[in-house]
Amino acid sequence: MDNFQQLFQYILTGLSNGAIYALIGFGFAIIYNSTGIINFAQGEFVMLGGMLTIFFLSVFQMPLVPAILLAIVVSTGVGILFERLAIRPLKDAQPFSLIIITIGASIFLRGAAMLIWGKDTHALPAFSSNDPLYIAGATILPQHLWILGVTVLIIIASRIFFNYSVVGKAMRACSYNPRAAGLVGINVKSMVLLSFALSSAIGSLAGIIIAPLTMTSYDVGAMLGLKGFCAVIIGGMSSGMGTVFGGLLLGLLESLGAGYISASYKDAIAFIILLLILFIRPEGLFGSKETERF
Amino acid sequence: MVTVKKRQLLVFFVFAAAVLLAPFFLKGNYLLNVLVFVGINTMLAIGLNLLLGYAGQISLGHAAFFGMGAYISGIITSRFPVEPFLIIFLAALCVGVIAFIIGFPILKLKGHYLAMATLGFGIIMYIIFNETVDWTGGPSGLSGIPNLRVGSLVFDNDWNNYYLVWVFTLAVMLLSINLSRSRIGRALRAIHDSEVAARVMGVNARILKVQIFTVSAVISAVAGSLYAHVMTFIAPASFGFNFSVELLTMIVIGGLGSVYGSFLGAAILTMLPELLRVFQDLDIVIYGLMLILMTMYMPGGLIGGMEAAVRFALKKIGKGENNNAQA
Amino acid sequence: MLRLENITQVFGGLTALEDVSFSVKEGSITGVIGPNGAGKTTLFNIVTGLYTQTKGEVFLGGENISFLNTEELAKLGLVRTFQNVELFRQMTVLENVMIGLHTKSASGIFSCAFKLPGQIREEKYILQKSREWLTYTGITDLADITAGNLPFGKGRLLEISRALAAEPKIILMDEPAAGLNSRETAELASLIRKIKESGVTVVLVEHDMDLVMDICESIVVLNLGKKLAEGTPRQIQENPAVISAYLGEG
């Protein structure tokens, strides 16, 4: 393989990983924008998506598509339960209480997954075939195309949802000013619930589409969740397309870094970028600055 | 006021006496070994509590400072014939300087962003512990770390290690109690409650946060050095994100902003896995549940809950007496 | 004492303050009034270093303090209270006032942890002084109550006690009478006079016109980010521009 083909290969891998990070980042941003909470349990929904699909496939012998749908439904249910039981009862909580609660939820879900499904890694079969396609000398698996395709679909769907549907607009209103939104008759509580539902659904979908490529186990959520967070920080919490760009950029940098610098420091790249962005431009590359009020 | 101060001192001396006498009742007992680690974890919990419980600044990367202390001590003393106590001091100094430098950009961040930045720092250090194999031995660990010794006294058994660790731990406890009841302790709590108001009253929040972050890191580093010498073997798995969360769990369960709460939380979390050995792997589910439930229903932790219970009981008794007097 | 020169503040294209200049005489009580959104609180945030103004300069006793930060200003003797009462809610009333003495003490982390003799002496001084300030504002009996549990009016008093404990040269009060009943407002008026008599300059932003006209020696009127008028209470009351601004609003 010549240098160009190798580069192309890295870019392809980077983009498909980046798409996953962007999807997970979306989940973070949806909750953050409606509640100001960073949901540390976000990654666990990614894990739940993959693990539940495998569970339904193997234990109930379900076909792939119903298994996937059911996994998304169950993960969304878990997200809704989490909001109802642990987030809604807290009023005017300090940020660090919310951090601790979402961390608690995260390790609880991870622990529960370990108790139920054990510590083994599992592989989900690829959605279509496993035969690689050759593009300009680089190999690409059909699953990569699935990932990119699903991500594009989700992005388009969420653009339409947030910009054109009544509910989506209401959610945006809540994120700008929850009190004013409440005054004009928007049910802020159900919008918060909806944001948790949406974000766990998107998170679990991300976990499902990547599971055939990377294998999955009870503890994949932590790292994927953090990468998703990096994506959203790079792009800026307030910017939807920024998150997509942040995810793709992160995926590319990781893949190129692993290829040309050092594979063992691959994971460190994301966090070094995270720290640099937080130190230099905490509002993200595409976010807008806010002024604190006293 | 004087009586409150005296009572606090008395409580500390009773606690210290209990700690120092405990081994005589536990000679040859497996529990003594566990209590060595309770001591180390107490130090770590107090370190984190100074930052989170007092100043209200979260850190999800404290295991990194613990690890840095352990690796600096471990690497140097296993390779060179140097005085290990000197290296503990050196490790604390190095970690302190690093914490001070990264403290400025990190503590500019607030709330969730601060949590993520410290988490990121913790993970980067964890990756470094794993990947600098030539130095740290990588994932399989670093062995051959010598025990500490003073003259002919070698700290190589549970009895000696217990006293070694607890002398350090008690010192950290006393210093933290002093600090909490001083202008600095008050200023930290003020930052916690309202940073703006604290600054308006002349509290230099930025510097003070970095200072307490540094102190907290130094305490963790000393605990790390002691850990390395007690264990004589260290591996990255002890210094990962999970341990940072475990530390957080300790102080949330024990009591945010309480020195004895830190001890209580450390004791519970160190002993729980031993008790739960029958139900293997159940511990992280329990940690998760406890984090959620304590934050929701007992934000003062067990210490806060106990204080409230005592006050409630006293009130009840007081009321009873009043009723009697009236009758 | 305090002089503002051509203060302009722009927030992302929105001009909150435009070219505001005025000065405050030492030992006086000055009121800053104006309809909602006039930029009064923004002005306080600039003077106390919480915001950095887009243009213009602030002088305190002849010294340019435009770019000093909040905690440095406290050391120079400039403190403030907040519209919504910013207490240290989890600390006791006494401890709140003790924070006021932060600039009057100097022990660092090291001497506090090791209880060095100087720190012990200082601690005694802080405690004694704080009790004196509680007596001064008349809330001694609340000393051991957690500040978060105070009724609103007492919280105000505590906030003022805490500010006084810093022994300021000038104190800025952001709507000190907001949320107080008429008896509490009368008590506040006499406290503010007492503070002034002790030689501290007072600047207040206030909506309660009776209070402002009663205690202020000079008044600055802001409207839509600009200075509309400046003068004695009588001059202000008769100023047609001020009257129309207020009538226009409501």
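Predicted model: local features only at pLDDT ≥ 70, side-chain atom pairs only at ≥ 80, totals over all residues.
Helices (H or I, at least four residues) and strands (E, at least two) are DSSP runs, numbered from the N terminus. Two strands count as paired if DSSP finds at least two bridges between them.

Residues are numbered from 1 along each chain as its sequence is written, chains are lettered from A and ligands numbered from 1 in the order in which they are written, and side-chain values use heavy atoms, with hydrogens and water left out.

**Entry 1: the sheet of chain C**

I looked up one bridge and found C:R80 partnered with C:L172 in strand 7 of chain C. Then I traced the whole sheet: 6 strands of chain C form an open sheet with mixed pairing, in the order 6-7-8-3-9-10. Strand 6 and strand 10 (226-231) of chain C are at the edges with a single partner strand each, so one side of each has no neighbour in the sheet. On average, neighbouring strands here are turned by 15 degrees against each other, direction ignored.

Next I checked what packs on this sheet. Helix 1 (residues 40-47) of chain C does, and it touches strand 3 (29-33), strand 6, strand 7, strand 8 (201-205) and strand 9 (218-223) of chain C. Its direction makes about 150 degrees with that of strand 7 of chain C. Contact means heavy atoms within 4.5 Å; axes are lines fitted to C-alpha atoms, for helices over the stretch in contact, and angles run from 0 to 180 degrees between N-to-C directions.

**Entry 2: chain C against chain B**

I found 38 residues of chain C in contact with 27 residues of chain B. Together the two chains bury about 3000 Å², 63% of it on carbon and sulfur atoms. (Buried area is the accessible area, with a 1.4 Å probe, that two parts lose on being put together, summed over both.) On the chain C side, C:E71, C:H102 and C:I109 supply 24% of the buried area, more than any other three residues.

How many salt bridges cross the interface of chain C and chain B? The rule, a side-chain nitrogen of Lys or Arg within 4 Å of a carboxyl oxygen of Asp or Glu, finds 3. I looked at B:R189 with C:E95, where the closest N and O atoms are 3.0 Å apart. I also looked at C:E123 and B:R186, at 2.7 Å, N to O. C:E123 lies in helix 5 of chain C and B:R186 in helix 8 (residues 183-193) of chain B, so this pair joins two chains.

**Entry 3: chain A against chain B**

Here the contact takes 46 residues from chain A and 41 residues from chain B. I noted a buried area of about 3700 Å² between them, 83% of it on carbon and sulfur atoms.
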